[in-house]
Amino acid sequence: MFSLVLAEASSSSQHFASFDVHPWQWGLFIAFIAALIIADLLLVHRTAHEITFKEAAIESSIWIAIGLSFTGVVYWWHGSQASQEYISGYLIEKSLSIDNVFVWAVIFSYFAVPKMYQFRVLFWGIFGALVLRAIFIFAGVALIQAFEWVLVIFGVILLYSAWKIAFHDDQEVHPENNPVLKIVNRIIPSTTEYDGQKMFTHVTDEVESTDKATGKLITARNVRRVATPLLAVLIMVETTDVVFAVDSIPAILAVSHEQFIVFSSNAFAILGLRSLYFLLNGMQDKFRYLNIGLGLILAFVGLKMLASFFLGLHPPTWTSLVVICVLLAITMVASLAADRREGIDRSVLVAEAAAEADALAGVGPEFDDQGAHAGPADPGARSGTRPDAPDPVAADEPVDEPKG
């Protein structure tokens, strides 16, 4: 029985796109990615500044357009199956990365990082994420090709991650408990003061001592190289990305086993995360059902991975693409609709509270039993006179005195 299951699993890779990528083609792709990163750093964000919502929206649109356009390159290069796997992997990574973006917001808030310095941290964070993801992807694909039963482990990881994300949406980040950060702080001296965008800076310590021969007070200056809080923030960003990679890499491996497709879809999805962070920062409440949608996506790809191993079921790649798009669309529409309803309810409560306050003050409008407007509650409230005050016009007219 087990040999039959292994036989079914060994044929699973035949249902995915597979092609050879020459070293020069890898080099050309990596050079293209490097050119995009360098242009973003040296041309667009050469000087530190606070990124506005409009700027983030424009940059996000450009990065998403580049990522989606590469689908056409894959289609032209290796056909429909490869392009479907690429766009499915891109959407999976992009949707899961939204959760990562909100965690970054918690980290920046904890360390009180000035907004104008946040981009530089994310730049090096994304660069490190690309390197780490490349290692995970090549290792994961090699494991699947050597040991097909690894699909079972990946599937179980995805199902557990789906449950964790769907029912534990509050992201709690405790940098003081991060083991990597603790080790770095023990090895590298650090300061609590920022020095622009620098990861390291120099501090001067003044040590006073008394000369035994003359009895004079001597002040010595000791210059030390220390790490700024930005290094701690960068370490937190990298370690959280490793945690998220445990979910996202197996998820993409459920829709493609080709290393180039998995890495390229990851790379283009990750490159746009910096601008996406500045676009979505502070909008966590508007995506209240995002955790449920992401949990369903992970559960779907996890079950798909287990079904391919145990049952030999291999649905077409376009079905995964449709399911992912439908789940994302339902999640976003439901979240925005709930936020709109809550906004309307809040406006109604505010209006009712204001009307009640006006009524208590005697200046609000009155309504009759049929709900029709009956005029101001206090006839003199709008004019500033008392209801029983004499008419100022009538007071100027002569009054006839009774004749004796």
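Contact means heavy atoms within 4.5 Å. This is a predicted model: local features need pLDDT of at least 70, side-chain atom pairs count only at pLDDT 80 or more, and totals for chains, interfaces and linings use all residues. Residues are numbered from 1 along each chain as its sequence is written, and side-chain values use heavy atoms, without hydrogens and water.

**Exercise 1.** State what share of the contacts with a separation of 6 or more joins residues 24 or more positions apart.

Solution. Take the contacts in the protein chain with a separation of 6 or more. Residues 24 or more positions apart account for 80% of them.

**Exercise 2.** Describe how H3 packs against H10.

Solution. Start with the geometry. H3 (residues 53–111) and H10 (residues 290–310) pack at about 140°, their axes 11 Å apart. That makes H3 oblique to H10 (under 35 degrees is roughly parallel, over 145 roughly antiparallel, 65 to 115 roughly perpendicular, the rest oblique). Next, list the contact. H3 supplies Ile 92, Ser 95, Leu 96, Ile 98, Asp 99 and Phe 102. H10 supplies Leu 290, Leu 294, Ile 297, Leu 298 and Val 301. Finally, sort these residues: 9 are nonpolar, 1 is polar and 1 is charged.

**Exercise 3.** Find the residues that touch the most other members of the largest nonpolar core.

Solution. Buried means under 20% relative accessible area (1.4 Å probe, protein chains only). By that test, 43% of the 404 residues of the protein chain are buried. The largest nonpolar core has 97 residues, and Trp 104, Phe 268 and Leu 271 touch the most other members. H3 gives this core its largest share, 20 residues. Now follow Trp 104. Beyond its neighbours within four places in sequence, Trp 104 contacts Leu 122, Ile 126, Val 237, Thr 240, Leu 273 and Tyr 277.

Notes
Axes are lines fitted to C-alpha atoms, for helices over the stretch in contact, and angles run from 0 to 180 degrees between N-to-C directions. Helices (H or I, at least four residues) and strands (E, at least two) are DSSP runs, numbered from the N terminus. Ala, Val, Leu, Ile, Met, Phe, Trp, Tyr, Cys and Pro count as nonpolar, Asp, Glu, Lys and Arg as charged, and the others, Gly among them, as polar. A nonpolar core is a set of buried Ala, Val, Leu, Ile, Met, Phe, Trp, Tyr and Cys residues joined through side-chain atoms within 4.5 Å. Buried means under 20% relative accessible area, exposed over 50%, partly exposed in between (1.4 Å probe, protein chains only).
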